[in-house]
Amino acid sequence: MSYVPSRRRTHQVQIDHLTVGSDAPVVVQSMTNTDTADAAGTARQVKELSDAGSEMVRITVNTPEAAAKVAEIRSRLDDMGCNTPLVGDFHFNGERLLQEFPDCARALSKYRINPGNVGKGAKGDEKFAYMIRTAAEYGKAVRIGVNWGSLDQSLAKRMMDANQASATPKPPEEVMKEALIVSALESAQKAVDLGLPEDKIILSCKVSAVQDLIQVYRDLGARCAYPLHLGLTEAGMGSKGIVASTAALAVLLQEGIGDTVRISLTPEPGSPRTQEVVVAQEILQTMGLRSFTPMVTACPGCGRTTSTVFQELARDIQHYLREKMSVWRHQYPGVESLNVAVMGCVVNGPGESKLADIGISLPGTGETPVAPVYVDGERKVTLKGDNMAAEFLAIVQEYVETHYGEGGRKRAAPRLIPIRPV
Ligand code: SF4
């Protein structure tokens with residue numbers, strides 16, 4: 001069995017049917033980009049994100065019009081059979097919205113509070129206290145989400161002044177990172193003092209630079225036992241956003257740090273919002289932390305690859321498997337661990353295909369135009385002609401039915417992840 005990193009021990013937070021922290025699976029989150037005041041559009045996007053695999057979805061609650069629609073969004077989702085917990089993202093006026101719209105306070109499963117955006121001084125303390133007391137009253141979890149771009153300025157100034165007065169001042173950027181952590185920890189302690197149980201609190205300290213994020217979360221993780229929500233804020237667009245998020249999260253997850261994840265991708269125009277969910281799942285799955293969808297191993301192709309048949313087949317197989325998962329995950333438990341190889345020629349094709357559950361080795365340039373298919377390491381059949389893709393998909397479908405259906409030998413039990421002490 002492959003090595004699986006042990007997880008940091010934390011309080012466990014229950015959010016409806018989801019458990020967050022310690023040995024519970026790392027939860028995939030996402031966020032809508034619809035106007036929350038558009039209840040139908042927001043419910044539709046939450047459902048899409050949920051169908052793609054998002055286990056919790058955050059919606060912005062920024063205006064009275066938005067807060068007034070949260071209960072309707074919840075009930076629309078319930079009517080669609082979607083029980084994905086909703087997280088309310090509050091800034092500046094959260095206490096007023098929670099007070100004026102108790103249905104919103106009840107319909108949300110978790111509140112995200114940014115201590116840098118609740119207000120200054122005694123007024124800010126009052127607003128923070130109101131939100132925390134509301135969460136405690138309704139039994140809701142809270143994420144105290146500190147962000148580099150909206151750090152509590154009075155705290156930052158206090159810490160910078162103290163640093164300047166010290167005999168051995170640290171570089172300002174180190175003080176700012178410490179201020180992020182102190183803001184999260186002090187806010188969490190305030191919340192506990194106000195009556196919110198520790199097992200209702202999740203923390204995050206998001207920054208936009210990979211090395212800073214790693215350093216901040218290592219430190220934060222060592223100084224508390226709250227579950228941590230991971231994410232590189234403002235990760236960016238396309239491959240830059242994916243690579244930066246993966247680089248940061250992979251290091252932390254490998255060290256057992258991180259209990260929920262969100263990939264803050266800026267979607268390319270016309271790209272689905274669900275891309276951030278797919279990326280989060282693929283990070284967790286390729287690291288062996290969770291399984292969501294059968295994975296396709298494909299070679300990159302090279303001068304030996306014939307035409308585009310190979311690329312098209314790899315793409316079609318990946319789409320087919322992802323689409324099927326909405327049904328398969330209920331019908332065929334364990335199928336998410338299936339591994340399919342699609343290889344471009346005889347050099348590595350048979351070897352990789354034998355290692356996968358099912359593999360196909362397509363003919364490279366100058367090779368006989370046939371494609372051997374391997375099942376559980378054995379050569380099962382050789383495909384040829386124009387219908388290879390459909391025939392290969394039929395073999396995959398049959399394999400899933402016989403191996404993951406009732407009585408199938410690969411029908412799996414849930415995987416346990418070891419815990420280590422903080
Ligand atoms: S398996 Fe063949 S086609 Fe694929 S990268 Fe290797 S040599 Fe090229």
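This report walks through a predicted model, from its sheet and aromatic pairs to its ligand shell and a hairpin.

Because the model is predicted, local features need pLDDT of at least 70 and side-chain atom pairs count only at pLDDT 80 or more, while totals for chains, interfaces and linings use all residues. Residues are numbered from 1 along each chain as its sequence is written, and side-chain values use heavy atoms, with hydrogens and water left out.

**The annotated domain and its sheet**

Let us start with the UniProt record, an unreviewed entry, which places the feature "domain: IspG TIM-barrel" at residues 10–280. UniProt positions are given in the numbering used here, with feature names shortened, and annotations may be inferred rather than shown by experiment. Helices (H or I, at least four residues) and strands (E, at least two) are DSSP runs, numbered from the N terminus.

An open sheet is formed by 8 strands in the order 9-8-7-6-5-4-12-10, with parallel pairing. Strand 9 (201–206) and strand 10 (229–230) stand at the edges with a single partner strand each, so one side of each is left without a neighbour in the sheet. Two strands count as paired if DSSP finds at least two bridges between them.

**Rings that meet**

The structure holds 4 aromatic pairs. In one of them, the ring centres of F90 and Y111 are 5.8 Å apart and the planes stand at 85 degrees, so the pair is edge-to-face. F90 lies in strand 6 (residues 86–90) and Y111 in strand 7 (residues 110–113), 21 residues apart, so to speak a link between distant parts of the chain. Rings of Phe, Tyr and Trp (its six-membered ring) pair if their centres lie within 6.5 Å; planes under 30 degrees apart are stacked, over 60 edge-to-face, and the rest tilted. Both F90 and Y111 are buried, where buried means under 20% relative accessible area, exposed over 50% and partly exposed in between (1.4 Å probe, protein chains only).

Ring pairs also link Y320, W328 and Y332 into a cluster.

**Around the ligand**

The residues around the ligand are C299, G301, C302, R304, T305, G344, C345, V347 and N348; a residue is near a molecule if one of its heavy atoms lies within 4 Å of it. This shell divides into 4 nonpolar, 4 polar and 1 charged. UniProt, in an unreviewed entry, places the feature "binding site" at C299, C302, C345 and E352. C302 is found in the loop between strand 14 (295–298) and helix 12 (309–331). E352 belongs to helix 13 (residues 349–355) and is partly exposed, with a relative accessible area of 32%.

Strand 17 (residues 371–375) is mostly covered, with 5 of its 5 residues buried. A371, V373 and V375 point one way, P372 and Y374 the other way. The table gives strand pairings.

| Strands | Sense | Bridges |
|---|---|---|
| Strand 6 and strand 7 | parallel | 4 bridges |
| Strand 16 (residues 358–361) and strand 17 | antiparallel | 3 bridges |
| Strand 17 and strand 18 (residues 378–383) | antiparallel | 5 bridges |

Within these pairings, G88 has Y111 in strand 7 as its bridge partner, G359 has Y374 in strand 17, and P372 stands opposite T382 in strand 18. The hairpin of strand 17 and strand 18 has 2 residues between the strands, and D376 there takes a positive phi near 50 degrees.

Terms used:
Nonpolar A, V, L, I, M, F, W, Y, C, P; charged D, E, K, R; others polar.
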